[in-house]
Amino acid sequence: MAIVSDKTKIYLKMLEEKFDINSFHSFIQDLLNLKQEDIINEREQGATSEQYKHYISTSQLYAKYEDEKRRSIGVIIIRLQDKKN
């Protein structure tokens, strides 16, 4: 039987609940071991592409992460137009 850590329990519970920005920030910082300089936290903006404007309400670049091989990814928070998606 696998032992589930308290942190894992918190994050699994978080995934079952309505999106909470503060919980997401804690989760992603812990998951990626982000440093303060990795966190950008730009302000929200509307969909920047005509292709997605019917699906995306807003987007926000939260952080940039670089792995040990110097590959970069952006952590983006996307709010959808339709709450069913």
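**Setting values against cut-offs**

Modeller: Let's begin with Glu-66, which counts as partly exposed at 40% relative accessibility. This is a predicted model, where local features need pLDDT of at least 70, side-chain atom pairs count only at pLDDT 80 or more, and totals for chains, interfaces and linings use all residues. Residues are numbered from 1 along each chain as its sequence is written, and side-chain values use heavy atoms, with hydrogens and water left out.

Biologist: Why is Glu-66 called partly exposed?

Modeller: With a 1.4 Å probe and protein chains only, buried means under 20% relative accessible area, exposed means over 50%, and partly exposed is in between. Glu-66 has 40%, so it falls in between.

Biologist: What makes Arg-70 and Glu-66 a salt bridge?

Modeller: The term asks for a side-chain nitrogen of Lys or Arg within 4 Å of a carboxyl oxygen of Asp or Glu. Arg-70 and Glu-66 meet at 3.3 Å, N to O, so the pair qualifies. Arg-70 itself counts as exposed, at 63%. Arg-70 also takes a positive phi near 65 degrees in the hairpin of β2 and β3, which has five residues between the strands.

Biologist: Which parts does the salt bridge of Lys-7 and Asp-30 tie together?

Modeller: Their closest N and O atoms are 3.2 Å apart. Lys-7 lies in helix α1 (residues 6-16) and Asp-30 in helix α2 (residues 21-32), so the pair ties together parts 23 residues apart in sequence.

Biologist: Why is the protein chain called more spread out than a compact globule?

Modeller: The elements run α-α-β-β-β from the N terminus on. The radius of gyration, taken over C-alpha atoms, is set against a globule rule of 2.2 Å times the number of residues to the power 0.38. For 85 residues the rule gives 12 Å, and the protein chain has 15 Å, well over that, so it is more spread out.

Technical notes:
Pairing = 2+ DSSP bridges. Helix = DSSP H or I, 4+ residues; strand = E, 2+ residues; numbered from the N terminus.
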